[in-house]
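Hi everyone, thanks for coming. Let me put the chain up on the screen, and then we can walk through it together.

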Amino acid sequence: MVIEVSSRTRVLSILLCGVALLTAVPQAAAGADRSADGGKSGDGGRKVLTIALSQSVDSLSPFLAQRLVSTSVHRLTYENLTNYDAGDGRTIPGLATGWRSSPSKLTWTYTIRANSTWSDGKPVTAHDAAWTFTRMMKDEKAATANGNFTANFRKVTAPDARTLVVELRKPQATMVALDVPIVPRHVWEKVGDLGSFNNDKEFPIVGNGPFVITDFKVDQYIRLKANTSFWRGAPRFDELLLKFYKDGDAAVAALRKGEVSFVQGLVPAQAAALRKAGRIKVNDAPGRRFLALAVNPGARSRDGRGFGTGHPALRDPAVRSALFRAVDRREIVDTVYRGHAVEGEGYVPPRFGAYHWRPGAEQKRAYDPRRAAALLDGAGYRRSGGGPRLGKDGKPLSFRLLCHATDPLETHIGKYLGSVWDDLGIDTRLECLDNVTDPWLKGDYDLAFDGWSVNPDPDYVLAIHTCAALPATPRATGSTDNFICDRVYDRLYARQIAEYDPVKRADLVRRMQSRLYDTGLMNILLYPNAVEAYRTDHIASMTTMPAAAGNLWGQDGYWSWWSAVPAEGHGEDTDGGSATGVVVGVGAALAVAVLVGVAVVLRRRATADARE
């Protein structure tokens, strides 16, 4: 079966009409838990800033949390030694007011600020930081989320309450970018098994950031109150309420009605509709995230044991190269994202110019469906006429593609990929789940949509592809992203982490991205913009990061929510606007079902087995 590019573009456009139509049919939104207030005042005129979320919390433990929503909450509730300037991302003081290194760069001494207190009134000291780091060094479970930062530590001590000393085995370039939340020792030393403790049973949770977590219900809400003793000054909002919406259209409806103050992760049609709404401002900025297609290379642990059900054909570089030469990234950016993204190349987004890398013309896997088919033919994956392409075992090639059920754009891209790979004779089964974590950790996937937010210092997202990040055993949980273990990449990683010269280190980071690109195991599709919106009758102003064309949600710090200024009159009882123009629930499901049916007709599938 052959589908012309023009027809495929039409398919993507029709699929996206499903999102566009959701802004055209009025219907009331189904809100989240009614016990959690919306954008109106809670008690006695308290100013509540309500944020709509779509991602579930993986853990409220800083030792375990890896999802963006969880780490964003931890930036609000715990301080790192250093922070990033909201204007340009440079390192600035956080819990530490200053630092110095020995001439050998093997000993680093930090001065801990005297005006930081835990929310239970106890002083924050260097002993808290020393305990946090030492526990990560000695307990592999405590190193689950951020172990790359302490793997090279030899010893951490606190000679006194204001002095922290870190001794290294070898030089480490991230010593002023240790993105590790410091926890209160007097609370956490009572915890036995850090691998099973999610820090979500007793409230309020003791912290020292600008906000304190006071309540949490899984997939319903997180409530935080302002920390009035925060050393930088108390936030202007009395409370933050993070409400979970499984349906993005329901979140948009809640924004229109004034039930929430802020919504992130907007699809293009939603953003376009909200731009026409009153009292709502849309922020569309270059993002710090990438969207990739990750390949299961054959999941294995550090002890050498393999596990999971990854397809063996994907261990063949020719298959991986063919799959991604059949993908037109530009078409996805233009048609699915309507230009609210940048075509993917290197691993680090272009927002971080010093580290961003792009392949040269000879290295680039350019869009070329004919060459993709030729690669498969040459590697022995034969196809007879328009039938299925056969694997080395003589069975038709069929791959599972894991995606997030809560992300409509992933679903649309997944259907497009199924179409272009069907042209190669390869069947694709789109598996969109509410919880992708379980099959991911078990290695029970072939391909998967993947994405990370990158920090100004990219070490963390580089470290998750090293051999050291693999789980210790098949049943353990490592920090690995998709089980990559490449010795060439590892040697480059070891060199960049020890390089203090910023120019030389940036060159090594770019070489790492080149190597990762060549493996074909992480294929960057695009860099999505941060498309978000807030009510101007709730929020008068907020700080973006960076200052020029920056984002609000998912910052490398707490700047947006700490700096947010309530709009005049916010907290009084108002109607909050109209929900007209949004379809949710059953109506949305019916609209999508009709559109999927139309898409199937246009795609002219050859056989019933080829459908998603």
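This is a predicted model: local features need pLDDT of at least 70, side-chain atom pairs count only at pLDDT 80 or more; totals for chains, interfaces and linings use all residues.

Residues are numbered from 1 along each chain as its sequence is written, and side-chain values use heavy atoms, with hydrogens and water left out.

Now, the overall picture. The chain has 16 helices and 21 strands; helices (H or I, at least four residues) and strands (E, at least two) are DSSP runs, numbered from the N terminus. Of its 612 residues, 57% count as buried, where buried means under 20% relative accessible area, exposed over 50% and partly exposed in between, with a 1.4 Å probe and protein chains only. Among contacts (heavy atoms within 4.5 Å) between residues at least 6 apart in sequence, 72% join residues at least 24 apart.

Back to our pair. Strand S1 (residues 48-53) and strand S11 (residues 262-264) are parallel partners over two bridges; two strands pair if DSSP finds at least two bridges between them. Both belong to an open sheet of seven strands, in the order S8-S9-S10-S1-S11-S19-S12, with mixed pairing. At the edges sit strand S8 (211-217) and strand S12 (280-285), each pairing on one side only. On average, neighbouring strands here are turned by 20° against each other, direction ignored.

Two helices lie across this sheet. Helix H5 (residues 248-257) lies across S1, S11, S12 and strand S19 (530-535), at about 35° to S19. Helix H6 (residues 268-275) lies across S12 and S19, at about 140° to S12. For these angles, axes are lines fitted to C-alpha atoms, for helices over the stretch in contact, and angles run from 0 to 180 degrees between N-to-C directions.

How do H5 and H6 sit against each other, roughly parallel or roughly antiparallel? Their packing angle is about 10°, with the axes 11 Å apart. They are therefore roughly parallel; the cut-offs are under 35 degrees for roughly parallel, over 145 for roughly antiparallel, 65 to 115 for roughly perpendicular, and oblique for the rest. On the H5 side, the contact includes Val252 and Leu255, and on the H6 side, Ala273 and Leu274.

Let's move to strand S18 (residues 522-528). Seven of its seven residues are buried, so S18 is largely enclosed by the rest of the structure. Four bridges join S13 to S18 in antiparallel fashion, with Leu291 standing opposite Leu526. Strand S14 (residues 341-343) also pairs with S18 in the antiparallel sense, over three bridges, and there Val342 has Tyr527 as its bridge partner.

Finally, the nonpolar core, meaning a set of buried Ala, Val, Leu, Ile, Met, Phe, Trp, Tyr and Cys residues joined through side-chain atoms within 4.5 Å. The largest one has 145 residues, and Leu164, Trp421 and Trp561 have the most contacts inside it. Apart from it lies another core, of 17 residues, among them Tyr245, Val263, Leu266 and Leu274. Thanks, and I'm happy to take questions!
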